[in-house]
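Notebook open, structure loaded. I'll jot down what I look up as I go.

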Amino acid sequence: MVNNKQNILLIIIIVLAAWNIFTTSKIKTDVKAYKEKIESLQTEIDSAQAVNKGIDVKIDSVKGN
């Protein structure tokens, strides 16, 4: 009786492990969307850096006066 319970438990564990492996292998990432988001963020960063440079120039001119 104990052997049967152990076998059933082992079978359940094997089935759950196999089900987990097969269902997680279907996960796919959308690399193209990530790259597009990175590009848009890089554009925003470049814009912010350009604004910062303009502000730095103004600060330098105010300090010079």
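The model is a predicted one, so I read everything below as computed.

Surface first. I get about 6,400 Å² of accessible surface for the chain, and carbon and sulfur atoms own 65% of that. Then I looked up burial: 0% of the 65 residues count as buried, where buried means under 20% relative accessible area.

Overall shape next. I find two helices and zero strands in the chain. The radius of gyration is 30 Å, whereas a compact globule of 65 residues would come out near 11 Å. Along the principal axes, the C-alpha atoms fill a box of roughly 95 × 25 × 5 Å.

Charges. I count 9 positive and 7 negative side chains, with 13 Å between the centres of the two sets.

Helix 1, residues 2-24, was my next stop, and I12 lies in it. Is I12 buried, partly exposed or exposed? Its relative accessible area is 43%, and the partly exposed class runs between under 20% for buried and over 50% for exposed, so I12 is partly exposed. I12 also belongs to a nonpolar surface patch with I8 and L16, and together the three have about 290 Å² of accessible area.

T24 sits in helix 1 too. At 41% relative accessible area, T24 goes down as partly exposed. I also checked T24 against N3: they are 21 residues apart in sequence, and their C-alpha atoms are 32 Å apart in space.

Key: Residues numbered from 1 in each chain as written. Predicted model: local features only at pLDDT ≥ 70, side-chain atom pairs only at ≥ 80, totals over all residues. Heavy atoms only, no water. Patch = residues over 30% accessible without salt bridge, like charges linked within 9 Å, V, L, I, M, F, W, Y side chains within 5 Å. Areas by Shrake-Rupley, 256 points an atom, 1.4 Å probe, with all protein chains shown as cover. Salt bridge = Lys/Arg side-chain N within 4 Å of Asp/Glu carboxyl O. Helix = DSSP H or I, 4+ residues; strand = E, 2+ residues; numbered from the N terminus. Buried < 20%, exposed > 50% of the residue type's maximum accessible area, 1.4 Å probe, protein only. Rg over C-alpha atoms; globule rule 2.2 N^0.38 Å. Lys, Arg positive; Asp, Glu negative; His and termini not counted. Charge placed at Lys NZ, Arg CZ, Asp CG, Glu CD.
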